[in-house]
Amino acid sequence: MRLQNKIIVITGGATGIGRALVAELLPANTVISLDRNPEKIAALGTAFPQVHSIRTDITNDPEIKAALAAIARDFGRVDVLINNAGTGAQFDFADTGEEPLQGMLRREINTNYLAPVLLTHQALPLLKKSPSPVVVFVSSGLAYMPIASFAGYCASKAAMHAFALSLRHQLRKTNIQVVEVLPPTVDTDFNKGIQAPKMAPAVFAKAFLTQLERGKTSINIGQSKALSVFSRLLPGLAFKMLNR
Ligand SMILES: NC(=O)c1ccc[n+]([C@@H]2O[C@H](COP(=O)([O-])OP(=O)(O)OC[C@H]3O[C@@H](n4cnc5c(N)ncnc54)[C@H](OP(=O)(O)O)[C@@H]3O)[C@@H](O)[C@H]2O)c1
């Protein structure tokens, strides 16, 4: 697949990995970014005047419906849907109160799992209008093997990973391609406080899009490659190393 003249919808395109993908995909494609923060939307528009932004909280069903209706009206189809927006928090289970714990867990499962799955379902009519539709799930190497302090985040990405595998199978007789990409630790706001080697967002975006264009459907970049192999061969050791 050549990423040219495509109509591409991305969630969370205003910052981090999403923004790096927007930078790579423009100006060859039409890019529509679904973000919820007006200041970040404005900053994205200043940096990339060609981007189309629709203010959307991806966990809000009426907002998703309104965004897709606007895309149907203005663009008529979706060639590539990139489910990128995500959220995660660290917590100590025993030391966290009920209310904050519920808030974090619900936010993670709603944003990282339910929203991308439901958005994909609602976008199907627009994807079917494309000659070669692609749905991307931006998952995580931590879907294979959790970091215990990010328990809720890792569980939500594992749910996304399992769903992507099933969806690929369910859609195998259609022309809709289901792609899962597992980024390594990328230098974004998401893991600002974390001390670890981090890949630059632009480097990640280039590597991912190269593999997407080559038709790969399960894309591991950087450390995620090692993690996917290691977690299957030596799961106990992989867990210990991640949770030292
Ligand atoms: N960075 C890494 O090392 C890494 C590694 C593996 C996987 N990932 C995954 O990569 C994706 C992008 O992360 P990132 O590192 O680029 O982090 P980021 O800079 O924090 O970007 C996440 C984006 O998602 C948006 N978002 C969150 N909840 C949303 C909602 N309900 N509706 C609309 N937008 C929402 C955020 O906007 P707000 O500011 O409005 O919250 C933000 O713009 C995530 O799915 C993350 O899990 C990242």
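This is a predicted model: local features need pLDDT of at least 70, side-chain atom pairs count only at pLDDT 80 or more; totals for chains, interfaces and linings use all residues.

Biologist: What is phi of Asn-5 near?

Modeller: Near 55°. That is a positive value, in a residue other than glycine. Most residues other than glycine have a negative phi.

Biologist: Is Asn-5 buried or exposed, and why?

Modeller: Exposed, because Asn-5 has 9 C-beta neighbours inside 10 Å. The cut-off for exposed is 12 or fewer.

Biologist: Next topic. Which peptide bond is cis?

Modeller: The one from Leu-26 to Pro-27 is cis, with omega near 0°. Pro-27 lies in the loop between helix 1 and strand 2. Most peptide bonds are trans.

Biologist: Now helix 3. How many residues does helix 3 have?

Modeller: Helix 3 has 15, residues 61–75. From its first C-alpha to its last, helix 3 reaches 21 Å. That is close to the 21 Å expected at 1.5 Å a residue.

Biologist: Which residues of helix 3 are buried?

Modeller: Ile-64, Ala-67, Leu-68 and Ile-71. Down the axis of helix 3, the buried residues fall within an arc of 95°, so they line one face.

Biologist: Why would residues a few places apart point the same way?

Modeller: An α-helix has 3.6 residues a turn, so residues three or four places apart point the same way.

Biologist: And which residues are exposed on the other side of helix 3?

Modeller: Pro-62, Lys-65, Ala-69, Arg-73 and Asp-74.

Biologist: What covers the buried residues of helix 3?

Modeller: The cover includes strand 1, strand 2, strand 3 and helix 4. Just after helix 3, Gly-76 takes a positive phi of about 80°.

Biologist: How many residues are in the largest nonpolar core?

Modeller: That core has 59 residues. Val-9, Leu-81, Ile-82 and Val-136 have the most contacts inside it. Helix 4 gives the largest share of this core, six residues.

Biologist: Take Ile-82. What is Ile-82 in contact with, leaving aside neighbours within four places in sequence?

Modeller: Ile-8, Val-9, Ile-10, Leu-21, Val-136 and Val-138.

Biologist: Last one, the ligand. Which residues come nearest?

Modeller: Of the 28 residues around the ligand, Gly-12, Gly-16, Gly-86, Thr-188 and Phe-190 come nearest. Helix 1 gives the most to the shell, with three residues.

Biologist: How many of the shell residues are polar?

Modeller: The shell around the ligand has 15 polar residues, with eight nonpolar and five charged.

Definitions and conventions. Residues are numbered from 1 along each chain as its sequence is written. A residue is near a molecule or strand if its C-beta atom, placed from the backbone, lies within 6 Å of it. Helices (H or I, at least four residues) and strands (E, at least two) are DSSP runs, numbered from the N terminus. Ala, Val, Leu, Ile, Met, Phe, Trp, Tyr, Cys and Pro count as nonpolar, Asp, Glu, Lys and Arg as charged, and the others, Gly among them, as polar. The expected span of a helix is 1.5 Å times one less than its number of residues. A residue is buried if 20 or more other C-beta atoms lie within 10 Å of its own, exposed if 12 or fewer, and partly exposed in between; C-beta atoms are placed from the backbone. The arc is that of the directions from the helix axis to the C-beta atoms. Two residues are in contact if their C-beta atoms, placed from the backbone, lie within 7 Å. A nonpolar core is a set of buried Ala, Val, Leu, Ile, Met, Phe, Trp, Tyr and Cys residues joined through C-beta atoms within 7 Å.
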